[in-house]
Amino acid sequence: MIFVPKQQLTEIREHGVRDYPYECCGLLLGSYTAEGKVVTETYPISNAREESAKRNRFLITPDELMRGERYAASRDLEVVGFYHSHPDSPAVPSNYDLEHAWPTYSYIIVSTREDEATDLFSWEQQEDRSRFNPEEIQCQ
Amino acid sequence: MPVTITIPAPLRQFAGGQSQIIVEANTAGEALNSLTTTHSALRRHLFNDQNVLRNFVNVYLNDEDIRHASGPDTPVKDGDTIMIVPSIAGGAVVESEVGQELPELSNEEIMRYSRHLIMPEVGMQGQRRMKAASVLMIGTGGLGAPVGMYLAAAGIGRIGIVDFDVVEESNLQRQIIHGTKDLGRRKIESARDRLRDINPHIEIETHESRLTSQNAMQLFQNYDVIVDGTDNFPTRYLVNDACVLSGKPNVYGSIFRFEGQASVFWAEKGACYRCLYPEPPPPGLVPSCAEGGVLGVLPGIVGAIQANETIKFILGGEDLLINRLLLFDAWAMKFREFKLRKDPKCPVCGENPTVTKLIDYEEFCGMAAHQAPQPDTKLEEISATELNARRLRGDTLQIIDVREPHEFEIARIPGTKLIPLGHVVGRMNEIDPEAETIVHCKGGVRSAKAIAALKRAGFQGRLVNLKGGITAWSEDVDPRVPKY
């Protein structure tokens, strides 16, 4: 379960549409609680991939992630997951996503078109790395 | 040298909840090994199956990426800090850089397969795997019909079909891949047209031949999965052995009356058909569907299960019907399941196999012996036309029909007496031993059995078998008698 305020969900969707036809990405900052992850802020990141591959890949470099972590720590938050967009594709993780993920983190995917963001789902990797499971988003 | 490793938040649950762990090591690689030996659950999240650090996992030694130093061999000093940081990658469309060169899907295909694509178990990757996959179906009959139609609809890229038969009226009650307009056509042609109509994006290869020990290995090698939709024991053993010898999974199904079976025989992972049934039943003991009948919808259910398992195999799904025999009773509407175990003594997939190449399966199943005349019990036979001629001549003959009453209701030869096979010995006194007796059934098999049983029971009269049964009567003498 991940708790995301309405404003942050809107930010993710807007970021996705803004970056269309490219993939957008960012960090989800918040805290791990007994009930689940609680998002309090999004942290948009520029897609680090070269122009030609931006449409179907995104990459947050470890440097950017560490910068994000430091920012989070300064506000007493942690990185609880990531979001990215799938332009013109379903909001489900690909096998490529599966290869490049860790459990516990939330991976929010938003499906985008030219002028709108459609589906938005959150996914969590199963502990044995075999698949992603849908994760319930509680909008606060 | 003691070094401190910082564990990222999502992985702490695999490290006993700790955020920092101190290990003894001389290099960065040793430090990670020590960490993942103590906390083994961490390992798979850091290393891939080849024991190489996953390409999105970055290891920082005092703020420097070890890839820019000497990698795992980078030496560490007392008091150094190691951080594990992921780089976050992902994306909607899989590129060739991912490794597997799977075919792309066109926009039409994406639209067609959208209900698959939105499930993470399939997704783009899975659908492309299906497009890259090839399946060989043995038979386009009751089981082959749903198997072929669902696999074609699912987008299996290449489907091979093997059959040598033509479409007959009595097929249409269950073989829904063929239609009334196809009567008399070759089954592979009729099936090919139907599959093309279902999905023009796939390739269909037709093999018009009987599957034999001579052609099986060569045929099988061009496909990923073999689906057995045969209705006889010699071919079933042939499919099994050829699958074991070529390392292919055999998606098995069989049907009779209201009962069906399904399993996945894949010797690499579990039992094969011979582990379950080392020897074929004696010929004639297990009746075929032509003799015993089959509920038309039954192959639909069993064949759909075969298609399901084939797709799961291609997608890399778990919980296949490996080492599991599924039994289905359509009349009771019950599924049951048996565990199977690989037999170490199995003659084909066991530890010391005796079958190392394909054999003569007709002989193995006793067909040759069965068909040869048996010296001690010579079976006297008469053809339908001869029988008719003798009746017209006015010979006194009594004709005993050993079929079941419900068959008698469908069609009968005039002037016959019905005594079903199961009662023929008990009601022997109803047959006049002084007169010549003609015994018939649907095709001539059960009547031969009845004659043998009567002789064993000591019946003294003359018994003659009607060759080809009532079917031959309908074909050669009286077409008004319906064939079934």
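Two strands are said to pair if DSSP finds at least two bridges between them, where strands (E, at least two residues) and helices (H or I, at least four residues) are DSSP runs, numbered from the N terminus. The model on screen is predicted, so that local features need pLDDT of at least 70 and side-chain atom pairs count only at pLDDT 80 or more, while totals for chains, interfaces and linings use all residues. Residues are numbered from 1 along each chain as its sequence is written, and chains are lettered from A and ligands numbered from 1 in the order in which they are written.

**Stop 1: a run of strands in chain B**

One bridge to pick out joins B:Glu259 to its partner in β13(B), B:Asp329. The strands β11(B) and β12(B) form a hairpin with two residues between them, and B:Arg257 in the turn has a positive phi of about 55°. Five of the seven residues of β12(B) are buried, so this strand is largely enclosed by the rest of the structure; a residue is buried if 20 or more other C-beta atoms lie within 10 Å of its own, exposed if 12 or fewer, and partly exposed in between, with C-beta atoms placed from the backbone.

**Stop 2: the largest nonpolar core**

Next, colour B:Val135, B:Met137, B:Ile156, B:Ile159 and B:Cys272, which are the residues with the most contacts inside the largest nonpolar core, a set of 70 residues. Such a core is a set of buried Ala, Val, Leu, Ile, Met, Phe, Trp, Tyr and Cys residues joined through C-beta atoms within 7 Å. Helix α12 of chain B, residues 297–315, gives the most to this core, with eight residues. Centre the view on B:Cys272: which residues is B:Cys272 in contact with, leaving aside its neighbours within four places in sequence? They are B:Asn240, B:Val244, B:Phe265, B:Ala267, B:Cys346, B:Val348 and B:Cys349, where contact requires that the C-beta atoms of two residues, placed from the backbone, lie within 7 Å.

**Stop 3: helices around α12(B)**

Keep α12(B) in view and select residues 144–154 of chain B, helix α6, which packs against α12(B) at an angle of about 40° with the axes 7 Å apart. Axes here are lines fitted to C-alpha atoms, for helices over the stretch in contact, and angles run from 0 to 180 degrees between N-to-C directions. The helices α6(B) and α12(B) are therefore oblique to each other. On the α6(B) side the contact includes B:Tyr150 and B:Leu151, and on the α12(B) side it includes B:Gly303 and B:Ile311.

Then select residues 123–132, helix α5 of chain B, whose axis comes within 9 Å of that of α12(B) and crosses it at roughly 110°. That makes α5(B) roughly perpendicular to α12(B). Here B:Gly126, B:Arg129 and B:Met130 in α5(B) meet B:Ile311, B:Ile314 and B:Leu315 in α12(B).

**Stop 4: helix α18 of chain B**

Move to residues 469–476, helix α18 of chain B, where the buried residues are B:Gly469, B:Ile470, B:Thr471, B:Ala472 and B:Trp473. These buried residues of α18(B) pack against α15 (384–393), β18 (436–440), α17 (445–456) and β19 (463–466) of chain B.

**Stop 5: chain A**

Switch to chain A, whose secondary structure comes to three helices and nine strands. Eight strands form an open sheet in the order β8-β7-β6-β5-β2-β3-β1-β9, with mixed pairing, and the edge strands, β8 (132–135) and β9 (137–139), each pair on one side only. Strand β1, residues 2–4 of chain A, pairs with β9(A) in the parallel sense over three bridges, and A:Phe3 has A:Gln138 in β9(A) as its bridge partner. Finally, select residues 62–74, helix α2 of chain A, which lies across β2 (25–33), β3 (36–45) and β5 (78–87) of chain A and runs at about 130° to β5(A).

**Last look: both chains**

Of the 140 residues of chain A, 54% count as buried, and of the 484 residues of chain B, 38% do. To end with both chains displayed, select A:Cys24, A:Ile60, A:Ile108 and B:Phe14, which are among the 58 residues of a second, separate core.

Notes:
Parallel < 35°, antiparallel > 145°, perpendicular 65-115°, else oblique.
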